[in-house]
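Subject: Structure for you to look at

Hello,

Here is the structure I promised. Please open it first, then read my notes below.

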Amino acid sequence: MFDALTSSFTSALKKLRFSDDTKALVKALDELKKSLLKADVHHKVVKDLLALVEADTKAAGIGKESFMRAIRTHLEALLTAPGRQGFVYAPSGVTTILMMGLQGSGKTTTTGKLANYLKTRNKKVLVAAADLQRMAAVEQLRQIATSIEVDIYYDETQKDPVAVALAAQKKAKEGLYDVLIIDTAGRLAIDEALMQELASVKKALNPFEVFYVADSLTGQAGVNTAATFHEKIGIDGVILSKYDGDGKGGVALGIASQVGVPLRFIGSGEKMPDLEIFIAGRIVSRLMGEGDIEGLAEKTSAIIDEKQAKKITQKIKKGQFNFLDFLEQLEAIKKMGNFKSMLGMIPGMSGMSQALKDVDLENSGEIKQIKAMINSMTPKERMDPEVLNNSRKQRIAKGAGLSQIEVNRVIKQFGNAAKMAKRFSGKNGMKDLQNMMSQMGSPTNRMGR
Ligand code: GDP
């Protein structure tokens, strides 16, 4: 989402070739101002930010370094509001979270994502459907809960959201759940009836925290709505949804400073794993095109179990990597969610993530083919790819509904993956990986197109 901002930051930096040149600084600041305003950041916020960046850069001696450092410091400050970070558990009992937001903001999806986030961290989670306004909201949450295997409380005969919320809280206490996340009603725009309903749910429930879901695509209007929710009901954190979209970034840069509530998570795709913890420094790194290795590591570590990883590495080293391992690896990649948003976290790869806009690993059909093929194999074939002769391949192709060419292609892919895995698990693994990365970044590479 920050693609446009990131490229204008880079071009602002380019204006600063010489040190100690006030004229260059004025130009760079002007470039920065234009890009921030274009990103729909409030003009007062822009003005304050620029003044601070200018003062700091001058004080440290004008140059690229000092300019960068000043932007970094003040963007981080802008994105930081007093309050908690990430997910915090109540000191005792069930941690009850109320989710709020306008209709269409991504509230129900985010309720699922948050439940999934906690579930992958081994928490016992209950979600509750107290959005009784939008017809399909209960069913939507039910489907989401089923897909992530999280328990849900709902009562379709009940018309009163307060009653639903209280019953869910009772169930959560009795069932010794760690966390209860309640999806509440939204509206297309703020109205008095909605505010009263949400205020009464909050009062009856006394939740540990209220999370407000803000749609990144809404610009300055979104900041104002969040401010109204905070004023009328009181919110403790903001989750920014649709961060993967073509939003201009203004909401992200405005919410913390203008509403005074910390950003806690960002949603970066439609799938359940597409939620990450919000940490200002990391976002600034990404914004400045420097990548976010820590974020990437965190995202992968929740999914790749360390023991499992060790087991696989051992197998690879011994040349025992088989089709089942291959499928497992592919599934793990799929679980990480939005591939494009992850690329942006790798230093120097933000341009690439733009180029890969249309690649969707999960829906490419490829994993489906591979799965179908492996399902058509005998256990022996899965464990020992060497035994695959022509008649076996024919049988597998038939069973999986694929052509023999497709089967051969998957076998070749598997062979490459096994080879590649072996290479990276060796002594020179890191070096090889770096080489591969630099090749991927070169303009002659096909993936860049
Ligand atoms: P609600 O009315 O606030 O409960 O909104 P929903 O949860 O139904 O979401 C509205 C739409 O936004 C759905 O199509 C979601 O798939 C989509 N959505 C939610 N979060 C994200 C996100 O982080 N990225 C993208 N691309 N789409 C999202």
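A residue counts as exposed when its relative accessible area is over 50%, and as buried when that value is under 20%. Keep in mind that this is a predicted model.

Start with helix α6, residues 137–148. Its 12 residues reach 17 Å from the first C-alpha to the last, close to the 16 Å expected. Which residues of α6 are buried? They are Ala 137, Val 138, Leu 141, Ile 144, Ala 145 and Ile 148. These residues cover an arc of only 125° around the axis, so they sit on the same side of α6. On the other side, Gln 143, Thr 146 and Ser 147 are exposed. The cover over the buried residues includes α5, β2, β3 and β4. Just after α6, Glu 149 takes a positive phi of about 55°.

Now the aromatic rings. The count comes to four pairs. One of them is Phe 87 with Phe 211: the centres are 6.4 Å apart and the planes at 85°, so this pair is edge-to-face. Phe 87 lies in the loop between α4 and β1, and Phe 211 in strand β5, so the pair ties together parts 124 residues apart in sequence. Phe 87 is buried at 13% relative accessibility. Phe 211 is buried at 0%. Tyr 212 and Phe 229 also pair, with centres 4.7 Å apart and planes at 50°, so that pair is tilted. Ring pairs also link Phe 87, Tyr 89 and Phe 211 into a cluster.

Finally, two charges over rings. Arg 121 lies over the face of Tyr 117, 3.8 Å from the ring centre. Lys 124 lies over the face of Tyr 177, at 4.4 Å.

Best wishes

Terms used
Residues numbered from 1 in each chain as written. Predicted model: local features only at pLDDT ≥ 70, side-chain atom pairs only at ≥ 80, totals over all residues. Heavy atoms only, no water. Helix = DSSP H or I, 4+ residues; strand = E, 2+ residues; numbered from the N terminus. Expected span 1.5 Å × (residues − 1). Buried < 20%, exposed > 50% of the residue type's maximum accessible area, 1.4 Å probe, protein only. Arc of directions from axis to C-beta. Contact = heavy atoms within 4.5 Å. Phe/Tyr/Trp six-rings, centres within 6.5 Å; stacked < 30°, edge-to-face > 60°. Lys NZ or Arg CZ within 6 Å of the ring centre and 35° of its normal.
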